[in-house]
Amino acid sequence: MSDPAPDRSGGSPRDRARAILHELASIDRAVYAAVASTPTPTLDVPMRRLSNAANRSVLWIGIAGGLAAVGGRRGRRAAVAGVASIGVTSLLVNTLLKTLGERVRPDRETAGVIAERHVRMPGSSSFPSGHSASAFAFATAVGREMPLLAIPLRALAAAVAYSRVHTGVHYPGDTLVGSLVGASTGLVVARSFDRGIDRRRGSPAG
């Protein structure tokens with residue numbers, strides 16, 4: 001007769017929380033390893049270029065410039081909200097969240113990430129992903145102002161977030177949390193812009 005399975009329900013809440021986080025980290029590393037070991041020659045160069053295009057939010061600032069140039073008053077307002085959301089999100093991620101997380105970057109050589117995917121490996125904490133946070137902050141803020149752009153911008157933001165895993169510089173969990181932080185911050189910034197517009201029009205914010 002085999003021994004009974006160990007009882008994992010015991011222990012303090014802190015011990016259980018630590019165990020859950022350990023298991024989630026194991027899943028995170030396993031997904032990263034699966035992406036790294038899966039041959040994707042068609043995707044490798046586009047993902048690398050997309051990841052590099054989002055460095056310092058150049059991709060999003062370029063889109064904001066296009067909106068401001070051809071989108072009329074609404075486009076200019078969306079551009080300002082989008083860039084402002086990037087600024088707020090970057091400040092939150094880089095000055096607070098990354099210092100709290102202090103997660104070591106993945107070892108992409110050991111994981112077998114091929115050289116064709118490589119982008120510069122940042123020296124900052126891996127958690128959370130700043131690229132993902134900025135991407136979803138911009139997409140959320142602009143999409144709230146210009147709903148027709150919401151889906152394509154979020155799809156592009158998701159592609160940028162994935163590109164950080166594909167190129168080997170982030171674990172999937174880093175990009176997931178970064179995306180959630182960015183989307184939340186973008187929504188807060190967009191709502192702040194709405195309240196400011198309502199006050200200027202002399203009507204209460206809804």
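I began with Ser57, which counts as buried because its relative accessibility is 8%; buried means under 20% relative accessible area, exposed over 50%, and partly exposed in between, with a 1.4 Å probe and protein chains only. I note that this is a predicted model, in which local features need pLDDT of at least 70, side-chain atom pairs count only at pLDDT 80 or more, and totals for chains, interfaces and linings use all residues. Residues are numbered from 1 along each chain as its sequence is written, and side-chain values use heavy atoms, with hydrogens and water left out.

**Entry 1. The loop between α2 and α3**

I located Ser57 in the loop between α2 and α3, and I read its phi as near 60°, a positive value in a residue other than glycine. Arg56 is found in the loop between α2 (41–53) and α3 (58–70). The phi of Arg56 is near 55°, again positive in a residue other than glycine. Arg56 is exposed, at a relative accessible area of 79%.

**Entry 2. The chain as a whole**

I counted 8 helices and 0 strands; helices (H or I, at least four residues) and strands (E, at least two) are DSSP runs, numbered from the N terminus. Of the 206 residues in the chain, 39% are buried. I then looked up contacts, meaning heavy atoms within 4.5 Å. Among contacts with a separation of 6 or more, 79% join residues 24 or more positions apart. The chain exposes about 11,600 Å², of which carbon and sulfur atoms supply 63%; the areas come from the Shrake-Rupley method with a 1.4 Å probe, and for residues only the protein chains shown count as cover.

I found a cis peptide bond between Phe127 and Pro128, with omega about -10°. Pro128 sits in the loop between α5 (108–111) and α6. In α6, 14 of the 16 residues are buried, so I recorded the helix as mostly covered. At 1.5 Å a residue, the 16 residues of α6 should span 22 Å, and the 23 Å between its end C-alpha atoms agrees; the expected span is 1.5 Å times one less than the number of residues.

**Entry 3. α6 against α7**

Helix α6 (residues 130–145) packs with helix α7 (residues 150–166) at an angle of about 180°, and their axes are 9 Å apart. Axes are lines fitted to C-alpha atoms, for helices over the stretch in contact, and angles run from 0 to 180 degrees between N-to-C directions. The two helices are therefore roughly antiparallel; angles under 35 degrees count as roughly parallel, over 145 as roughly antiparallel, 65 to 115 as roughly perpendicular and the rest as oblique. The α6 residues that meet α7 include Phe136, Ala139 and Val142, and their α7 counterparts include Leu153, Ala157 and Ala161. I classed this contact as 11 nonpolar, 4 polar and 2 charged residues; Ala, Val, Leu, Ile, Met, Phe, Trp, Tyr, Cys and Pro count as nonpolar, Asp, Glu, Lys and Arg as charged, and the others, Gly among them, as polar.

**Entry 4. α2 against α7**

The axes of α2 and α7 come within 9 Å and cross at roughly 110°, which makes α2 roughly perpendicular to α7. This contact divides into 7 nonpolar, 3 polar and 2 charged residues. I followed Ala159, which lies in helix α7 and counts as partly exposed at 23% relative accessibility. Leaving out residues up to four places away in sequence, Ala159 touches Met47 and Leu50. The C-alpha atoms of Ala159 and Leu50 are separated by 8.1 Å, although the residues are 109 apart along the chain.
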